[in-house]
Amino acid sequence: MRKRSLSIAAAVATILTGYVAVAQSSASAADGLLSAGRPATASSTESAAFPASNAVDGNPGTRWSSAFSDPQWLQVDLGATATVSSVVLNWEAAYAKTFDLQVSANGSSWTTVKANVAGTGGRQSVAVTGSGRYVRMQSTARATQWGVSLTEFEIYGNGGGTAPPPTIPPGAVRVAEFLADCPFSHRLPDDPIVFPKMPGASHMHSFFGSTVTNANSTVDDLFNANSNCNPSIDKSSYWIPTFYNNNVPVEPTTGVFYYLGEGVSDALIAQTQPLPYGLRIVAGNAKATGPNDNTISRWSCLHAGEVGSSHDFVTCPAGTMLESYLDFPHCWDGRNLDSPDHKSHMAYPVNNACPASHPVVVPKLRQVMRYPVNGNTAGFRLASGAGYTMHGDFFNAWPEAEMARRVTDCIRIIVKCGANGRP
């Protein structure tokens with residue numbers, strides 16, 4: 001797989017124009033978006049991570065990408081005959097140098113409605129006149145050495161079929177959630193977010209998920225390596241400061257990472273966007289000097305709720321375990337996969353909504369760690385210091401199509417899913 005990153009420019013262009021329901025160009029404002037959620041097929045895909053369906057899912061963080069050859073095509077079945085007035089193409093960095101736009105009544109005999117269009121990259125709107133059930137973009141020449149790649153392929157006009165509404169399974173638990181259960185993998189004094197390419201520069205960390213994470217790791221390194229998560233398709237890396245009891249490292253029995261739709265209104269949960277591939281987030285405060293420096297992480301006791309919770313370690317009764325909870329921010333600025341402080345590109349909701357500076361709702365990651373210790377806390381410490389310095393790092397390497405599916409099937413319709421992403 002080639003080295004690649006999310007096309008930030010393409011993502012910004014789409015996000016700033018709004019989500020699917022309102023993402024119409026001025027040239028097509030009078031007509032409806034016909035392609036959202038419709039069946040899409042393509043001549044080829046770069047890999048299973050970049051299917052044709054990504055181009056009609058309304059998510060600027062996913063994309064269809066073709067094989068590295070000419071020609072290539074992408075087509076959408078509108079469900080019924082439609083009169084097409086414009087086509088909007090949101091190109092990733094790999095775009096078509098020239099392409100044709102075609103329509104068809106049956107998906108086999110094609111009529112070209114716009115020939116030899118010069119690709120511009122970015123967001124490109126093309127006015128057309130034609131009718132058909134199927135619309136195709138036929139790339140005749142690539143602009144780069146890679147294939148051609150679209151984050152969105154939008155067809156505007158009148159007619160077509162109605163996209164089926166999401167189905168809530170009978171008996172589904174109405175909680176917006178899916179999860180990954182990832183055991184401890186390894187320890188290293190590395191941090192590929194805060195100290196990239198600087199082995200040994202960090203305090204000791206305990207890593208979960210990807211089995212290869214080190215100071216030099218990139219998102220593609222994670223994507224192409226093994227993961228110990230359930231589901232194993234989650235190639236992300238998660239890490240925390242190592243916990244010590246009397247200077248002996250103690251690892252959690254497992255790390256559970258919940259992806260949640262909460263903290264915002266139900267209307268905004270329905271607009272949740274997948275976490276973009278390559279996103280990096282740090283939550284908590286590793287440099288906290290007291291409990292009041294950190295209101296995000298908390299400690300409690302498993303099966304001993306009467307103990308309550310605290311930002312610092314708590315004394316758990318015999319037969320219970322010490323547990324740590326940490327919620328990551330889930331409002332994204334829509335532009336950056338990281339920021340200098342590794343936090344500013346993300347924000348927490350305010351009054352059940354995301355702030356205007358961070359308008360994109362993504363699933364909230366909740367990190368839950370359970371340690372097989374209890375009793376006196378005098379010997380407890382983290383590699384970063386006291387209990388209130390608890391923090392977590394997340395490097396997203398979920399396959400884009402899989403992340404998008406889980407957001408659609410679990411988060412947006414408020415359904416509790418298991419590790420397999422199913423109710």
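In which loop does Asn 247 lie? The structure is a predicted model, in which local features need a pLDDT of at least 70, side-chain atom pairs count only at pLDDT 80 or more, and totals for chains, interfaces and linings use all residues. Residues are numbered from 1 along each chain as its sequence is written, and side-chain values use heavy atoms, with hydrogens and water left out.

Asn 247 lies in the loop between β13 (243–245) and β14 (248–250), where helices (H or I, at least four residues) and strands (E, at least two) are DSSP runs numbered from the N terminus. Although Asn 247 is not a glycine, its phi is positive, at about 70 degrees, and its relative accessibility of 55% places it among exposed residues (buried means under 20% relative accessible area, exposed over 50%, and partly exposed in between, with a 1.4 Å probe and protein chains only). A positive phi, of about 65 degrees, is also found at His 303, again not a glycine; His 303 is located in the loop between β17 (298–302) and β18 (321–327) and is exposed, with a relative accessible area of 72%.

The bond from Asp 70 to Pro 71 has an omega near -10 degrees, and Pro 71 belongs to the loop between β3 (64–65) and β4 (72–91). The bond from Asn 230 to Pro 231 has an omega near 15 degrees, with Pro 231 placed in the loop between α2 (219–223) and β12 (237–241).

The second largest pocket has a volume of about 310 Å³. Of the 16 residues that line this pocket, Val 194, His 203, Ala 286, Lys 287 and His 391 are the closest to its centre, while β16 (280–284) and β24 (391–395) are the elements that give two or more residues to the lining. On a 1 Å grid over the protein atoms alone, a pocket is an open set of points with protein on both sides within 12 Å along at least five of seven lines, and lining residues have an atom within 4 Å of a point; the volume is the space filled by probe spheres set on the points, which are joined across faces, edges and corners.

As to confidence, the protein averages a pLDDT (the predictor's confidence in each residue, from 0 to 100) of 89, and 91% of the residues score at least 70. Over residues 1–30 the pLDDT is below 50, and this stretch has 78 contacts in the model beyond near neighbours in sequence, a contact meaning heavy atoms within 4.5 Å. Where pLDDT is low, predicted coordinates should not be read in detail.

Notes
On a 1 Å grid over the protein atoms alone, a cavity is a set of points where a 1.4 Å probe fits but cannot get out, and a pocket is an open set with protein on both sides within 12 Å along at least five of seven lines; lining residues have an atom within 4 Å of a point.
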